[in-house]
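Here's a quick briefing on how two chains meet, plus a few residues worth a look. Have the structure open as you read.

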Amino acid sequence: MSWHDIVLQTLKRNDIRLVPYVPDRVLTTLIKNLHADPFFTTFPAAREEEAVGIVSGAWMGGMRGAVLMQTSGFATLANVLASLAIPYQIPLIMFVSERGTLGEFNYGQSLVCRTMRPVLDSLAMEHHTATRLDEFEFIVDRSIKQAITTQAPVALILSPLLTGGKVFDK
Amino acid sequence: MNSANDNPARNTKVMNRFDLTSRLIAKLKNEEAVIGGIGNTNFDLWAAGHRPQNFYMLGSMGLAFPIALGVALAQPDRRVFALEGDGSLLMQLGSLTTIATLAPKNLTMVVMDNGIYQITGAQPTPAAAVADIVAIAVASGLANSTWAADEDDFERLIEQSISAAGPTLIGVRIDDKPGTGTTRRDPVQIREHFMHGMGVREPL
Ligand SMILES: Cc1ncc(C[n+]2csc(CCOP(=O)(O)OP(=O)(O)O)c2C)c(N)n1
């Protein structure tokens, strides 16, 4: 199974139906497959913050969700993590396609990437960087279950080692 | 520079946030959800009388409508109201297009337009003198967006929204008064009580 099949299947198995996103090239196939599967309600949001608001409301209404984004999208989230997801104890599940490392060609992306883990660590948030296909299902499934049972957000960072990332000639 | 008084959109009656919020709450008979945005919208929602179906946002400026959209998608049989300030809405104008695309028919949005960031010192918003928020909503795809002419019209629009075929946005021009109460700032309890109110969880 490919990494994106694992994401889709694991979301389904954990009854995560609502998947708003702001796209990233690496997420293209995953997004296409989510749209094709009637189990999911998936749609673009204008901002990652907005997507976090939507899945937070849905969680409180009894529907599980997850947000897909790129590293630069994560960089817009410090305020909503610190003022909504964490203090209200909402199990926000985020998949972050990692740009800015392992062959980045855009200097700005590489700088944005460096802000991500310090922000996650400064809020003591659970986060994992997935690099290997053989561990991936375990990381995703366990992280989703932990987020829900401990009512705490989690960021799953999809490394180029897992996804292939984006390279200059694409 | 243009000043707020030049804005032709601002020709409806100047009403009061607490009064309108109280009128809305008085109409609710079916455990409708109500999401209050940052600051004054949730203060007045609190002051209008706490209900388990009220959610009070203590930060995350601009997210009242996105949160309400999430609740509306999760519970299509429940009516969801959202109260947002004009300054807050400017933070997330894009969310209007998301809502228009998903078109939940159980969502009613109210924009409390005082033209200012009241709670931070009443500075005018960049939109105050030049923009018409209802026109922005219409252009974002929310065809069912209207200014309320006065209090009776507001109540009529609220009632109409309940049987509308798509989401409704109601713009209300309000005075520069601060919120009436102060929400108890206990986010975990706010969220937990709201989930009880939504029938998602039982109290411990
Ligand atoms: C991202 C962000 N920027 C700025 C603030 C400070 N702030 C809090 S409330 C507010 C004004 C809200 O204005 P509006 O929604 O129009 O409501 P009003 O105060 O006029 O009732 C501002 C600027 C904030 N909390 N978050």
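This is a predicted model: local features need pLDDT of at least 70, side-chain atom pairs count only at pLDDT 80 or more; totals for chains, interfaces and linings use all residues.

Residues are numbered from 1 along each chain as its sequence is written, chains are lettered from A in the order in which they are written, and side-chain values use heavy atoms, with hydrogens and water left out.

- On the chain A side, the contact (heavy atoms within 4.5 Å) is made by A:E50, A:G53, A:I54, A:G57, A:A58 and A:M60 of helix 3.
- From helix 3 of chain B come B:P66, B:I67, B:L69, B:G70, B:V71, B:L73 and B:A74.
- Sorted by type, the residues of this contact are 9 nonpolar, 3 polar and 1 charged (Ala, Val, Leu, Ile, Met, Phe, Trp, Tyr, Cys and Pro count as nonpolar, Asp, Glu, Lys and Arg as charged, and the others, Gly among them, as polar).

**The whole interface**
- Across the chains, 26 residues of chain A are in contact with 31 residues of chain B.
- About 2100 Å² is buried between chain A and chain B, and carbon and sulfur atoms give 66% of that (the accessible area, with a 1.4 Å probe, that two parts lose on being put together, summed over both).
- A:E50, A:M60 and A:Y88 supply 34% of the area that chain A buries against chain B, more than any other three residues.

- A:Q151 has a phi near 50 degrees and sits in the loop between helix 7 (133–150) and strand 7 (154–158) of chain A.
- A:Q151 is buried, at 16% relative accessible area (buried means under 20%, exposed over 50%, partly exposed in between, with a 1.4 Å probe and protein chains only).
- B:E31 also has a phi near 50 degrees, in the loop between helix 1 (17–27) and strand 1 (33–36) of chain B.
- B:E31 is partly exposed, with a relative accessible area of 48%.

**A buried threonine**
- A:T10, in helix 1 (residues 3–13) of chain A, is buried at 1% relative accessible area.
- Leaving aside neighbours within four places in sequence, A:T10 is in contact with A:E137, A:V140, A:D141 and A:I144.

Methods:
Helices (H or I, at least four residues) and strands (E, at least two) are DSSP runs, numbered from the N terminus.
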